[in-house]
Amino acid sequence: MGITDNLPLGANEGVEGPLFLSIVYGFILLKGAEYISEGSELLLQVISPGIIGGLVLPVLGALPDAVIIMMSGCGPDATEEVAIGIGTLAGSTIMLLTVAWAGSLVVGRCDLVDRGDSNLAAVDRSLGKHNSAWSLTQTGVTTDTMTRSNSWSMILSNALYLIVIIPALAGMKVNGTIDIIAMIMACLGLVIYCVYQIMSPRLQKRRLKRAKSRAMKANAVMNAAKISRKFGINFFEIDGSISWRAIDVLFDRFDTDGSDSLEMHEVKGLISGLILTNFPDTDEVSEETWMNEIDKNKDGKCSREEFKSAMESWLTQHPVHKQCPFLKDYSDSEEEHWNPNNAADDLENTNLTHLHTEFLEDEEDDDDEEGEPLTATQVYMWAALYLLGGSAIIFIFSDPLVDTLANFATATKIPKFVVGFVATPFASNSSELVSSLIFASKKRKKNISLTFSQVYGAVTMNNTMCFAVFMALFAINGLEWKVNFTIEILVMMVAILLVGFVAVQSETFKLWLAPIILLIYPVSLGVILALESAFKPKQ
């Protein structure tokens with residue numbers, strides 16, 4: 001039949017044979033997972049972590065599950081064996097949501113510090129430098145915004161199961177029509193998710209561009225305040241507004257010909273001096289953009305009113321104004337003790353520690369990389385070799401490992417459901433599990449974002465691609481939907497909603513969440529076994 005037919009499966013060899021072969025095949029799968037991790041790490045140099053973690057890795061990781069599900073429903077005993085397939089689907093999903101999620105949080109945790117907006121965020125590679133290494137509240141991880149979006153995709157795709165669950169709970173017979181509708185909707189969900197993952201990097205670039213624009217505006221206000229102080233003038237009034245006198249001094253500084261308006265060359269000097277400082281990579285196109293921002297009436301000049309209007313607008317727009325003391329509401333007693341001379345210092349310090357971080361973190365290079373950097377072509381080539389090689393190993397050895405585990409279950413009299421729910425997912429999803437922990441161990445925001453995107457993406461793939469394969473088997477072979485299937489799917493859906501609720505609440509996760517999320521795995525298994533025992537048909 002195939003290449004795996006000649007591989008030993010440990011049948012009729014007692015317990016020792018299947019156990020030994022399970023260890024061997026498991027080690028081989030781990031090597032395949034390492035190759036996938038290496039290839040993904042390379043792709044991070046040229047592709048957004050969201051699309052790598054949210055699409056590429058989940059697709060590759062879902063292939064073994066999809067194959068296992070397909071094989072379970074194609075044999076002569078498909079009616080019985082398909083239970084292993086649905087056990088694999090539910091088990092792999094819950095395992096990824098708990099073991100991979102919690103494990104990545106523990107392995108990837110860093111110190112959490114206040115970035116200036118009263119919210120804690122993880123500092124890359126800082127474990128133990130600021131807080132206790134095992135602090136449940138002062139260590140954790142921080143992901144990017146796109147990772148939270150991937151968690152929403154996981155939650156929304158979870159609704160696909162309702163197509164079969166609602167009729168089953170209502171006592172209706174899940175027939176071929178429902179199977180086909182579920183399969184089509186799952187395929188449609190897969191297409192939508194793939195398109196979203198391809199398009200989202202463009203949206204992320206726009207977000208970074210807006211973040212950089214805000215940072216540059218804050219930088220302009222900061223530099224204006226610093227220049228004013230050099231002339232002995234407070235840039236801010238007691239009420240937090242910009243001083244007209246400071247505006248006049250700044251305006252006269254750039255109005256070199258004394259024409260009471262800034263000509264084009266003078267405006268460029270203003271832009272270079274106030275806005276582009278600390279941003280040496282900004283090109284001429286950006287200068288034209290900033291000129292349009294200042295020159296509201298488009299006459300090619302900048303009046304005093306336009307200059308002051310721009311400065312006031314920037315002070316209002318950028319996030320720093322919500323954090324600096326000079327823009328907060330003060331009572332009369334507080335105003336008496338407030339010194340406007342400190343306002344520029346407050347703005348400067350807040351700007352450099354908080355605002356720039358939003359986009360600089362996404363553009364920074366690894367400090368620990370050595371040797372000559374690879375070209376984009378070389379990156380793609382090596383990444384393809386690693387990913388294809390690792391995927392081939394996973395694809396070839398997943399099925400023999402499952403058969404070996406099944407033989408082990410028979411020899412030890414362990415229920416096959418437990419094998420499908422516990423052992424099989426750890427084998428078939430070893431790529432996601434191991435690569436998630438490997439990426440998380442880098443202790444960097446980009447890698448952590450990839451890790452959690454990979455988990456959410458893998459669950460979304462189970463909800464779409466694997467579910468589509470599963471329902472196709474029912475539609476083609478006319479398989480009967482059983483109560484056990486409803487129980488396992490319902491428990492899986494609850495687990496997805498629980499972890500999804502945590503994921504959408506914040507981009508920073510503290511260490512205390514790890515044991516709670518991990519506990520969902522054994523609890524889910526216990527609930528399924530209890531409910532299946534309670535609703536077991538009487539012989």
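Helix 17 is mostly covered, since 27 of its 33 residues are buried, where buried means under 20% relative accessible area, exposed means over 50% and partly exposed lies in between, with a 1.4 Å probe and protein chains only. The model is predicted, so that local features need pLDDT of at least 70 and side-chain atom pairs count only at pLDDT 80 or more, whereas totals for chains, interfaces and linings use all residues. Residues are numbered from 1 along each chain as its sequence is written, and side-chain values use heavy atoms, with hydrogens and water left out.

In the chain there are 19 helices and four strands, which are DSSP runs numbered from the N terminus (H or I with at least four residues for helices, E with at least two for strands). Of the 539 residues in the chain, 49% are buried. Among the contacts with a separation of 6 or more, 77% are accounted for by residues 24 or more positions apart, contact being defined as heavy atoms within 4.5 Å.

Helix 17 covers residues 445-477, and at 1.5 Å a residue its 33 residues should span 48 Å, which agrees with the 46 Å between its end C-alpha atoms; the expected span is 1.5 Å times one less than the number of residues. At Asn462 this helix bends by about 35 degrees, the bend being the angle between axes fitted to the seven residues ending there and the seven starting there. Gly478, whose phi is positive and near 65 degrees, follows helix 17.

The four strands form an open sheet in the order 2-1-3-4 with antiparallel pairing, two strands being paired if DSSP finds at least two bridges between them. Because strand 2 (120-122) and strand 4 (508-510) stand at the edges with a single partner strand each, one side of each is left without a neighbour in the sheet. Strand 3, residues 139-142, is joined to strand 4 by three bridges, and the two run antiparallel. Within this pair, Val141 stands opposite Phe509 of strand 4.

Thr139, which is found in strand 3, is buried, with a relative accessible area of 0%. A polar atom of the Thr139 side chain lies 2.5 Å from the backbone oxygen of Ser135. When neighbours within four places in sequence are left aside, the residues in contact with Thr139 include Arg109, Cys110, Asp111 and Leu112, as well as Phe509, Lys510 and Leu511.

Notes. Polar contact = N/O pair within 3.5 Å; in protein donor to acceptor, adjacent residues only side chain to side chain.
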